[in-house]
Amino acid sequence: GIEVRASQFPGFLYALQSLEQLLPAAVYGTEPAPDAAWEVPCVKIADAPRFAYRGMHLDVARHFFSVDEVKRYIDVMAIHKLNTLHWHLTDDQGWRIEIKKYPVLTDIAAWRPYPDWEGWNFGGKRYCRRDDPAADGGYYTQDEIREVVEYARALHIEVIPEIEMPGHSEEVLAVFPELSCSGKPYLNSDFCIGNEQTFEFLENVLSEVIGLFPSEYIHIGGDEASKQGWRTCPKCAARMRKEGLKDVDELQSYMIRRIETFLNAKGRRLLGWDEILEGGVSPTATVMSWRGSKGGIAAAKAGNHVIMAPNVHCYLDYYQTKTPTKEPMAIGGYVPMRKVYELDPYDQLTPGERAYILGVQGNLWTEYIATFPHLKHMLLPRLAAIAEVGWSYDRKDF
């Protein structure tokens, strides 16, 4: 017989995954071999995850993936005992979530007259109406968002949405140019922080997002803002004088802190890429370290919670071999499975500082990934290495 015991409900789900891993591979085929036996070894497994946060990221802004494809992604995560999907829903190349207060976001900002990311990036960076014959893109209705969130919940996977700010927002500023420093479309990629309308817009959007996602965290991006428009913007200059801010880094920090206050008042916590450290970060913000581990190490030493997702180990959109001509197109870089496996989330941290590391995450950006088969090629088998770093870090054996 087989007996499963668990201290909490997720433990039963993870035990079932372990059980399935013990079954012979032939059982998984659509037509198992006639002699395939449903037998498992006589063993005792006592197991528990190393980290509470074990995540994968999915970028649907650069290329849109259907609800069914996102569910399949979640299935693969569940098989690997991951428990958090970081869903990157907005970026320059497309807005992917229905916001009822701002329908223009999904009427125009979700569509571009280019077949892929490269066409958009090197062909003018324009958007179009959804009924344009050349329109490429898509978005999720609020009902579809709820469907995905519930599907993930049943597999004990929490879905954290990411709504980009203040940078990576060209698609928003194309339809709401008054929220940019220039006031003109297609000139800025950063929100104007000196404009109160910016905060009104973002708080309205986040209110609807919070209503759809029960996650503890809301990811606000915070990465790669150019900050150029802020340097010459009268409204931003006035904001800096009023708030006593000495540079544009502190101006960005002002925005992040203000958004965090709004989220905290709604019972949520702010999560952002490591650029939110620039200009100073509140002690309650959680940092996701992607530019190597440096930002995460600094954040942990400062007493901020951290999720380690350094690009040198965790970017699964990088090539897997040293002969990229034999692989599908990728954004660059080189992260073989062994490199993923070598990630040490505790590197350079004292035992006390290690308490601030919540876990690890693999990131899958899709600039060059336009189809689900290509996505699976990039995801597997490296996802297994991410999973083992997050689960059994102290007992690893490549």
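**Buried residues, salt bridges and packed helices**

Biologist: Where does Ser282 lie?

Modeller: Ser282 sits in the loop between β9 and β10. Note that this is a predicted model, where local features need pLDDT of at least 70, side-chain atom pairs count only at pLDDT 80 or more, and totals for chains, interfaces and linings use all residues. Residues are numbered from 1 along each chain as its sequence is written, and side-chain values use heavy atoms, with hydrogens and water left out.

Biologist: What makes a stretch a strand or a helix here?

Modeller: Both are DSSP runs, numbered from the N terminus: H or I of at least four residues for helices, E of at least two for strands.

Biologist: Why is Ser282 called buried?

Modeller: Its relative accessible area is 7%. Buried means under 20%, exposed over 50%, and partly exposed in between, with a 1.4 Å probe and protein chains only. So Ser282 counts as buried.

Biologist: What does Ser282 touch beyond its neighbours within four places in sequence?

Modeller: Arg257, Glu260 and Asn304 are its contacts. Contact means heavy atoms within 4.5 Å.

Biologist: How do you know that Gln93 is buried?

Modeller: Its relative accessibility is 4%, so the buried class applies. Gln93 is in the loop between β3 and β4 (94–95). Residues up to four places away set aside, Gln93 touches Ala61, Arg62, Arg112, Trp117 and Trp120.

Biologist: What makes Arg62 and Asp91 a salt bridge?

Modeller: The N to O distance between their side chains is 3.4 Å. The definition asks for a side-chain nitrogen of Lys or Arg within 4 Å of a carboxyl oxygen of Asp or Glu, so the pair qualifies. Arg62 is in the loop between β1 (53–59) and α2 (67–79), Asp91 in strand β3 (residues 90–91), and the pair links distant parts of the chain, 29 residues apart.

Biologist: Are these two partners buried or exposed?

Modeller: Arg62 has a relative accessible area of 6%, so Arg62 is buried. Asp91 has 1% and is buried too.

Biologist: How many salt bridges does the structure hold?

Modeller: There are 19. One of them joins Glu3 and Arg5 at 3.5 Å, N to O. Both of these residues are exposed.

Biologist: What makes Glu278 and Lys227 a salt bridge?

Modeller: Their side chains meet at 2.7 Å, N to O. Glu278 is in the loop between β9 (269–273) and β10 (286–289), Lys227 in the loop between β8 (217–221) and α8 (228–232), 51 residues apart.

Biologist: On to the helices. What describes a packed pair?

Modeller: The angle between the two axes and the distance between them. Axes are lines fitted to C-alpha atoms, for helices over the stretch in contact; angles run from 0 to 180 degrees between N-to-C directions.

Biologist: How do the axes of α7 and α10 lie?

Modeller: Helix α7 (residues 196–212) and helix α10 (residues 248–265) have axes that come within 11 Å and cross at roughly 40 degrees. That makes α7 oblique to α10. Angles under 35 degrees count as roughly parallel, over 145 as roughly antiparallel, 65 to 115 as roughly perpendicular, and the rest as oblique.

Biologist: Which hand does the crossing of α7 and α10 have?

Modeller: Right-handed. A crossing is right-handed if the near helix is turned clockwise from the far one by less than a right angle, and left-handed if anticlockwise.

Biologist: Why are α2 and α15 called roughly parallel?

Modeller: Helix α15 (residues 372–379) packs on α2 at about 20 degrees, axes 12 Å apart. The two helices are therefore roughly parallel. Their crossing is right-handed. Glu69, Arg72, Tyr73 and Val76 of α2 meet Phe372, Leu375 and Leu379 of α15. These contact residues divide into 5 nonpolar, no polar and 2 charged. Ala, Val, Leu, Ile, Met, Phe, Trp, Tyr, Cys and Pro count as nonpolar, Asp, Glu, Lys and Arg as charged, the others, Gly among them, as polar.

Biologist: How do you know that α16 is mostly covered?

Modeller: In helix α16 (residues 382–391), 8 of its 10 residues are buried. Among them are Leu383, Ile386 and Trp391.
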